[in-house]
Amino acid sequence: MGSADVSPQMAFARFVRRAIDDAREERGWTVTDLASHTGVGRSTVFRWLAGDWQDYPELAKVRGFCAALNLPVAAAFRALGLPDASPARHRRGDEGPVEADVRIIMQRLADPAVPAEEKHHIRDLLRYLARRPVRRAG
């Protein structure tokens, strides 16, 4: 099976497996330790490992997972088959207002200090906005 034949689920599962193995080897972390340090629940980690997801994993969780383990988010996004969002393409000084707003929202969703209820409200509002019809001026 060539790399083009690998599903995002399989590619991301391999990425997560390597991250877990490295965390165990380098830091002595169990999956429970990993979950507490990354803010990603054990059941979510196990779903990612099993490739047991239809909709993409929450990108805020992926970002938090990568940040806590000092892994490049771009590598996780590539494994998921998502466009590269590397810092080389979007330097902080070059971003427009939309990118800045999205970055702030993503940081809040990845921040373990932000209460789960607040994250739930943010996600609900984003889902509403994503489904809302666009009103054209005219």
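Reader: In which loop is Asn70 found?

Author: In this predicted model, Asn70 is found in the loop that joins helix H4 (59-68) to helix H5 (73-80). Its phi is positive, about 55°, although Asn70 is not a glycine.

Reader: Why is Asn70 called exposed?

Author: The relative accessible area of Asn70 is 66%. Exposed means over 50%, so Asn70 is exposed.

Reader: What makes Tyr56 partly exposed?

Author: Tyr56 has a relative accessibility of 42%. Buried requires a value under 20% and exposed a value over 50%; Tyr56 therefore counts as partly exposed. Its place is in the loop between helix H3 (42-50) and H4.

Reader: Which residues does Tyr56 touch, not counting residues up to four places away in sequence?

Author: Tyr56 touches Pro8, Leu80 and Leu82 on that count. Contact here means heavy atoms within 4.5 Å. For Tyr56 and Leu80, the C-alpha atoms are 7.7 Å apart in space, while the two residues are 24 apart in sequence.

Reader: How do you know that the buried residues of helix H2 are on the same side of H2?

Author: The buried residues of H2 (residues 31-38) are Val31, Leu34, Ala35 and Thr38. They cover an arc of only 100° around the axis, and therefore they lie on the same side of H2. Their cover includes helix H1 (8-27), H3 and H4.

Reader: Which residues touch the most other members of the largest nonpolar core?

Author: That core has 25 residues, and Phe12, Phe15, Val16, Leu34, Trp48, Val62 and Phe65 touch the most other members. H1, H2, H3, H4 and H5 each supply at least two residues of this core, and the largest share, seven residues, comes from H1. Leaving aside residues up to four places away in sequence, Val16 touches Trp48, Leu49 and Phe65.

Reader: Which residues does the annotation "domain: HTH cro/C1-type" cover?

Author: According to the unreviewed UniProt entry, it covers residues 20-51. In the model, this span is 78% helix and 0% strand, and its end C-alpha atoms lie 15 Å apart.

Definitions and conventions:
Residues numbered from 1 in each chain as written. Predicted model: local features only at pLDDT ≥ 70, side-chain atom pairs only at ≥ 80, totals over all residues. Heavy atoms only, no water. UniProt positions renumbered as here; feature names shortened; annotations may be inferred. Helix = DSSP H or I, 4+ residues; strand = E, 2+ residues; numbered from the N terminus. Buried < 20%, exposed > 50% of the residue type's maximum accessible area, 1.4 Å probe, protein only. Arc of directions from axis to C-beta. Core = buried A, V, L, I, M, F, W, Y, C linked by side-chain atoms within 4.5 Å.
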